[in-house]
Amino acid sequence: MCLVKTAAGASKGAKAVPSDQANAKLQSGKDEANEPTWGRNKHVKPLTWVIVAFLLFFAPVIVEYVVVCMTQYDGALSGPINDLFLAEETITFSEFLIEKVYKPIAEPEGFFLQTAKIYVTWLLFQALLAVTVPGPIGYGQSTPAGHKLEYLVNGLNCWVVTHIFFVVGAWGFGWWKPTIIYDHWAQLSICMHLYGFALSLFCYIKAFVAPTHAGDVKTSDSMVFNFFMGVEFNPRIGSLDFKLFHNGRIGIILWTLVNISCAAAQYERHGDITNSMIMVNIGHAVYVLDFFFNEDWYLRTIDICHDHFGFYLAWGDAVWLPIMYALQSPFMVTHPHELNTNEVVVISAFFCLGYYIFRDVNHQKDIFRSSNGKALIWGKKATYIDATYVTADGSTRNSSLLLTSGWWGVARHSNYLADLLMSLCFCLVTGYTHALPYFYICQMICLLVGRIYRDEGRCKGKYGKFWDEYCAQVPYRLIPGIW
Ligand code: NDP
């Protein structure tokens with residue numbers, strides 16, 4: 001039976017309720033309503049294994065390739081390929097590694113060590129802020145094992161403290177140059193890689209040796225998959241939550257600092273800051289500040305609620321996020337681009353539209369879920385599907401509501417479409433001469449489309465026929481009428 005109701009008829013929230021049906025399932029080993037695969041599938045399909053192994057090896061290579069193109073080939077993505085295969089006088093792969101990768105990082109002597117010290121200081125500083133700066137307490141969604149975790153939601157305060165400290169330290173006291181991040185970019189990328197790999201390994205071992213919540217530890221039959229997608233769900237040391245810290249602190253806070261540093265570097269080199277650099281700084285700051293103003297909401301997104309903490313999140317937050325998300329501003333230091341008025345107006349309008357939809361979609365889900373279905377959506381009572389599921393061990397039946405009106409009735413992932421629109425705007429401001437800054441929109445498409453498949457597979461496993469009903473009512477994933 002599938003219940004489609006308006007808020008007036010809402011009776012169930014997202015609370016865990018012991019269930020006779022769940023007990024019956026325990027006895028019979030079969031649940032008729034849902035297939036209780038919420039959590040981690042035991043068996044990893046060969047194709048999944050291949051994709052994961054590919055990403056494990058190539059994601060770091062892609063990041064370094066882009067950094068080398070940026071720092072050694074004036075932003076030309078074809079630079080290394082040209083040098084290795086197409087130029088009249090090609091170089092060997094080992095010459096490429098020594099001249100273009102190793103030497104720029106290792107020289108001048110002592111520079112890498114200095115960068116490593118800066119990076120470690122940055123990590124410790126952020127960890128200190130994360131556990132000491134005051135902020136409200138937020139709660140995540142119930143985990144598959146039934147834990148409802150508490151979080152110190154102080155991201156906005158940490159962001160403000162960090163940025164004031166950076167600006168005052170640079171321009172007020174001269175403790176460091178404002179261009180420090182841009183100047184150390186190549187070396188920093190290596191420090192980030194080392195940290196990202198060490199963190200992934202640490203979390204992998206910790207999951208088996210000293211898990212924070214043993215009931216939420218999940219493994220599959222593939223070690224590579226376990227390492228990549230994570231084993232522990234919410235690793236913590238003391239009050240430091242690894243997911244929130246790595247994504248919401250060292251990853252996202254660094255994003256806007258990179259932009260400020262690059263604007264300073266552009267000014268240092270050209271005596272001016274272009275309107276495109278200002279727009280990227282503002283656009284990214286809006287995105288980042290939106291995240292922090294709504295950090296409590298982030299506790300109920302896929303990263304926190306569903307993903308385990310492995311290489312994907314650990315290395316992704318430590319390396320991919322600050323480097324690949326902030327691609328435009330380092331590029332514009334060496335390729336300053338002044339937009340004409342029409343371009344400024346059109347790109348700004350598209351960005352505002354994207355941001356409005358992005359915020360509204362996420363807000364609708366948030367007020368809908370937190371009001372237990374009683375919120376008004378676009379001025380009308382919310383319509384929804386009352387879906388039930390059982391916890392991963394099958395012991396408890398829970399209820400959850402799937403919104404079918406507002407943006408969530410237009411497409412199942414309208415928020416991703418809006419995200420993509422904003423991402424495109426970040427790229428367009430850089431001009432049309434190079435492909436490198438457009439790498440951002442390409443990776444966002446891959447990331448969000450992959451996320452759609454992952455999320456829907458998980459929702460199908462969690463909600464079973466209720467999810468099928470939602471897909472029947474809202475047939476489009478991303479673009480209404482197309483897909
Ligand atoms: P969503 O906010 O879309 O959350 C998906 C989850 O919401 C599902 O797993 C399900 O979880 C629940 N859900 C699905 N359909 C409904 C519905 N109809 N009604 C109520 N709940 C529903 O995804 P994300 O967490 O991935 O994204 C959050 C935001 O962050 C998005 O705006 C996205 O664009 C952005 N984002 C940005 C990224 C970036 O790199 N810039 C990366 C990833 C996300 P449940 O089990 O609770 O039912």
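## A walk through the helices and rings of this model

Of the 29 residues of helix α10, 24 are buried, so this helix is largely enclosed by the rest of the structure. Here "buried" means under 20% relative accessible area, "exposed" means over 50%, and "partly exposed" covers what lies in between, with a 1.4 Å probe and protein chains only. Helices and strands are DSSP runs numbered from the N terminus: helices are H or I with at least four residues, strands are E with at least two.

Before going on, please note that this is a predicted model, in which local features need pLDDT of at least 70 and side-chain atom pairs count only at pLDDT 80 or more, while totals for chains, interfaces and linings use all residues. Residues are numbered from 1 along each chain as its sequence is written, and side-chain values use heavy atoms, with hydrogens and water left out.

**Helix α10 from end to end**

Helix α10 runs over residues 242-270, and at 1.5 Å a residue its 29 residues should span 42 Å; the end C-alpha atoms are 40 Å apart, which agrees. The expected span is 1.5 Å times one less than the number of residues. Where is the kink in α10 centred? Look at tryptophan 255, where the helix kinks by about 30°. The bend at a residue is the angle between axes fitted to the seven residues ending there and the seven starting there.

At the start of α10, a side-chain oxygen of aspartate 241 comes to within 3.2 Å of the backbone nitrogen of lysine 243. Lysine 243 also lies over the face of phenylalanine 233, 4.3 Å from the ring centre. A charge sits over a ring if NZ of Lys or CZ of Arg is within 6 Å of the ring centre and within 35 degrees of the ring normal. Lysine 465 has such a place over phenylalanine 466, at 5.8 Å from the ring centre. Just after α10, glycine 271 takes a positive phi of about 70°.

**Aromatic rings**

A pair of aromatic rings is described by the distance of the centres and the angle of the planes. How many aromatic pairs does the structure hold? There are 33 of them. Rings of Phe, Tyr and Trp (its six-membered ring) pair if their centres lie within 6.5 Å; planes under 30 degrees apart count as stacked, over 60 as edge-to-face and the rest as tilted.

Phenylalanine 93 is exposed, with a relative accessible area of 52%, whereas phenylalanine 96 counts as buried at 7%.

Another pair is tilted, because the rings of phenylalanine 351 and phenylalanine 426 have centres 5.6 Å apart and planes at 45°. Phenylalanine 351 lies in helix α16 (residues 341-370) and phenylalanine 426 in helix α18 (residues 414-428), so this pair ties together parts that are 75 residues apart in sequence. Phenylalanine 351 is buried at 13% relative accessible area, and phenylalanine 426 is buried at 3%.

Ring pairs also link Phe197, Tyr204, Phe208, Phe227, Phe228, Phe311, Tyr312, Trp315 and Trp320 into a cluster.

**Polar contacts**

A polar contact is a pair of N or O atoms within 3.5 Å; within protein, one must be able to donate a hydrogen and the other to accept it, and residues adjacent in sequence count only if both atoms are side-chain atoms.

| Side chain | Partner side chain | Distance |
|---|---|---|
| aspartate 303 | asparagine 247 | 3.5 Å |
| aspartate 303 | tyrosine 298 | 3.1 Å |
| histidine 193 | tryptophan 315 | 3.3 Å |

Aspartate 303 lies in helix α13 (residues 302-305) and is buried, with a relative accessible area of 10%. Histidine 193 belongs to helix α8 (residues 185-209) and counts as buried at 9%.

**Around the ligand**

Which of the 28 residues around the ligand come nearest? They are Tyr325, Tyr416, Asp455, Arg458 and Tyr463. A residue is near a molecule or strand if one of its heavy atoms lies within 4 Å of it. A polar side-chain atom of aspartate 419 is 2.6 Å from an oxygen atom of the ligand, and an N or O atom in the side chain of arginine 451 is 2.7 Å from an oxygen atom of the ligand. Tyrosine 470 places a polar side-chain atom 3.0 Å from a nitrogen atom of the ligand.
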